[in-house]
Amino acid sequence: MRGFFHATPAWAFLLGAAAALCANGCSRTQYRLEADQDAYNVTSERNGDPRWTAADISIEIDPRSRYFDQYDPDCPPMPQDDPTAHGYMRCVDGMKGWKHWYDNGVRSDLENPAWREELAQYAETTEDGAVKLNVDSALRLSYVHSPSHQSQLETLYLSALDVTRERWRLDTQFTGGFDTVFNHRGEKTPAGESNRLTTGRGVGALGVPLAGRFGGGANTLQLNRSFATAGEMVVGIANAFTWEFTSGDVNFAGSLLSANFVQPLLRGAGRSIALEDLTQVERNLLANLRAYAQFRQGFYTQVAIGELGVRGPQRGGPGTTLTSFSGSNTVGGYTGLLQQLQQKRNSEDTLSLQERTFARLEAFYAKGMIGLVQVDQFEQDIETAKAALLVRENNLELTLDRYKTGTLGLPPDLPIELDDGLIKQFQLFAREATDILNLVVHLQGRAGDMFADGEVQVIPEVAEIDSVLKDILPLVEPIQHLIEQIPEELQRMDEVVALRLKAAAEDEETPEEERQDLTLRLTEERKDLGADLMDLRSQFDEKITELTSLRESLSEETRDATASGVVNWLTATLNIVDQLALVQARARLESVMVETVDLDPTTALEIALQNRLDFMNGRAALVDSWREIQIAANALKSNVTVGLAGSTGTVRNNVVSFDAANSTATMGVQFDAPLTRLLERNGYSETLVNYQRDRRAFIQSRDSLYLGVRALLRLLIQERENLEIQRRAVTIAIRRVDQTQRELNAPGRIPQPGQRPFISPTTAINLLSAQRSFLTTQNSFLRAWLGYYAARVRLYRELGIMALDSDGKWIEFPITPAAANEEDDAENELLIPVLPPLIPLGLQDPPDFGDGEQPAEGQSPDLVNNADHDRLTDDRDTSTGSVTTAAAREIQDFAWTKQTSVSEQYNKWDTLKPHGQMNYFCHVRPIIVRMQTPGTCCQSSGRRPEHG
């Protein structure tokens, strides 16, 4: 006793050190880092398959992101609160609030303040700070800033945490601790005065057992282990130290070593039950890793064409209802921005053309060559076009702001400069040609002003004429440069036309007559363009010589003729540049092409089923639903549990003096009969219904995929043919613009007073119609090409073959059918047991009790399926409607044959039908159902079942 008492300070020191260590535990940061490491490890275990490998699965936000938090993640400062709501943190219901809310400070800005300065590190910017945006830079920006992408990574991370939780649950777990209680009892209590200090586990305080209150078991050190068979074992050691201060030197020390083991045998037993939760979360993590890989494909299409089209990771795992192409071929995302940009440019070009035409109409009206109605009609259409252009500009800015905020995760005020490389081929009119034409029209106005002084016609001064001639000289070089550019455009046209004709020749669906018409049309078009260019080059060479002559002949005597010559020179040059621009537009128009996709729907479906990651997940989800049947069926069983328990205590007031004489042992069996299983029965029936629903949903998902693939392939054909239709429409529109401009510019004499104008009264209408048609057909041509481009991108995603590099960029390659992996198929074949025979559909109808044998009173037909009937040991007479043993065995043997088809089973049933349908449901069907039950010996071993 004394020895122990004197050793107490050492025990107290050790207990105090242990208490301090356990009380402090690990820091927040250490816990977080450990959770991260475990989550990344379990994810990496299944991240080696190249079909869904993710290069970076970290949830740490890029420091360059505007969402990066520069503060300590474990002790973040408090964000700014609503003033009224914050009052309840200071004082609630008259009680002062916690005073440490502000220990980490209060932040004023939620964003990373340095993100704008770091943009230039990974995105090209202009001198004024605008980001140059194309598909690649948009991807980089979105991966750094997009909240939706970050959410997908975090869902994957949470799924990994679920795995670590379930693995921990089935691993060996150690818990420990101790309780210290001081108990005082007054002297007038029945037992007398007592002052007792107890240190141990589960000693209780305030009448509440600490083990139940804080959850640590009743042991100072405890080991818990759950087994894959659903058994549980608990091993622990408990110590207790007691000091009695009232009755002198009365102290006590003791230990108890205990062990308990519980193993269910029926209900709640087996690996299917014990490993279910772990199996499910492991499968969910694999599914979410695949889903994240597929999300990256959809993320590319969302950035490029404005459509995600896939589902990302889901915490609860995937379902059997999968996402497929809806049939809508809208163009959004970055491509949609380019479409709106080019449509705005087309409107600007058409408006510029209309304003140049209107300037000529005004000049003709001043000379009395055209009526005021036509001029006003044309001017009114120009004002309408200006209003429509304002709407297009506003819509483009709004769409760009939405793209920045919704897709890239950036604020709407970030300046953006769109890279138009993808749509340069649709700028049929070069910006240089438009600038030249606008300058010529401006000089025409200046030349016309030389002849007017108010309402009086005057002869221009030499200085005025010379000033205009000097301004005309800079036009020569840009026009010559434009002429030199067009042969390059024609050479590009020749190359593309050769490819188009080759593709048409290889396309078996293109009729031969259509191929010949295309070849003839393109050949004639090329010949006409070459001839027009030579003619326009010759005309401009003459205009250069004429311009030199006008400058050299300018004098006081020739100023009237020179001024008129300048006006005529500008008019002729305007016509030449107009014709050059049209030649260039026709060459660029024929240079636009698309890459054809030669794929039939059946092959496309096979490719999709081999490569779509969500269909891999869908098959797994269907099996998950099927497994729930086994789990729910287990709950219908009786509860039979065996338990073992034992403990050994110490003697002689010593914590290590264990004695077998101070031990106990317990062994027992618990039985719970399945008398009440209504809830379990309903749950089981629910799993059957859910499985059939999921099976139908997966079949429908496959149909939906096939439908979407077929629709995409038809859409590609439609858009490719529509592109040729719109190309011809643009060609016609260009010819109409050319003809109406030629008619307007045709020379005519000025009418005498009282005479009608010489220009046709339909000239303005024809001009407006041609120019509107040109704008409409340009936009339709652009829309057809971008529609084909978007459908092609969607096809790669829908087939599951969109390969991405580490930066998320699309690695484009030709579509080729993938051969099945025979080695994998052989391996999988070994894992799949031989299927049991099908039950003929005609036998699945409920029994029809007619005039023949009836079930006994109070007996349900379902209860006839007992062991005695299943063995079929009786040999009843067929005349009574009872099946004989021989007949039952004949059905059984026939049904088990692997080569038996459903139709053969029908035929066999017809021969045995006289034995009666009731006998089938009472005797034969239980045999076949038992053979079909998953997990039976006959199925897993591949052997035929023994009779009985």
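**Helix packing and cores**

Guide: The crossing of H15 and H17 is right-handed: a crossing is right-handed if the near helix is turned clockwise from the far one by less than a right angle, and left-handed if anticlockwise. Helices (H or I, at least four residues) are DSSP runs, numbered from the N terminus. This is a predicted model, in which local features need pLDDT of at least 70 and side-chain atom pairs count only at pLDDT 80 or more, while totals for chains, interfaces and linings use all residues. Residues are numbered from 1 along each chain as its sequence is written, and side-chain values use heavy atoms, with hydrogens and water left out.

Visitor: At what angle do the axes of H15 and H17 cross?

Guide: Axes are lines fitted to C-alpha atoms, for helices over the stretch in contact, and angles run from 0 to 180 degrees between N-to-C directions. H15 (residues 601-611) and H17 (residues 678-745) cross at roughly 130°, and their axes come within 9 Å. The two are therefore oblique to each other (under 35 degrees is roughly parallel, over 145 roughly antiparallel, 65 to 115 roughly perpendicular, the rest oblique).

Visitor: Which residues make the contact of H15 with H17?

Guide: Contact means heavy atoms within 4.5 Å. H15 contributes Pro 601, Thr 602, Ala 604, Leu 605, Ala 608 and Leu 609, and H17 contributes Arg 702, Leu 705, Tyr 706, Val 709, Arg 710 and Leu 713. Nine of these are nonpolar, one is polar and two are charged (nonpolar: Ala, Val, Leu, Ile, Met, Phe, Trp, Tyr, Cys and Pro; charged: Asp, Glu, Lys and Arg; polar: the others, Gly among them).

Visitor: How are H10 and H18 arranged?

Guide: The axes of H10 (residues 372-407) and H18 lie 8 Å apart at about 20°, which makes H10 roughly parallel to H18. Five nonpolar, five polar and three charged residues form their contact.

Visitor: How many residues has the largest nonpolar core?

Guide: A nonpolar core is a set of buried Ala, Val, Leu, Ile, Met, Phe, Trp, Tyr and Cys residues joined through side-chain atoms within 4.5 Å. Here the largest has 149 residues, with Tyr 300 and Leu 799 making the most contacts inside it. H18 (residues 763-799) gives the most to this core, 15 residues. A second, separate core of 14 residues includes Leu 389, Ala 764, Leu 767 and Leu 768.

Visitor: Is Gln 150 buried or exposed?

Guide: Buried means under 20% relative accessible area, exposed over 50%, partly exposed in between (1.4 Å probe, protein chains only). Gln 150 counts as buried because its relative accessibility is 14%. Gln 150 lies in H5 (residues 147-169) and, leaving aside neighbours within four places in sequence, is in contact with Ile 59 and Ile 61.
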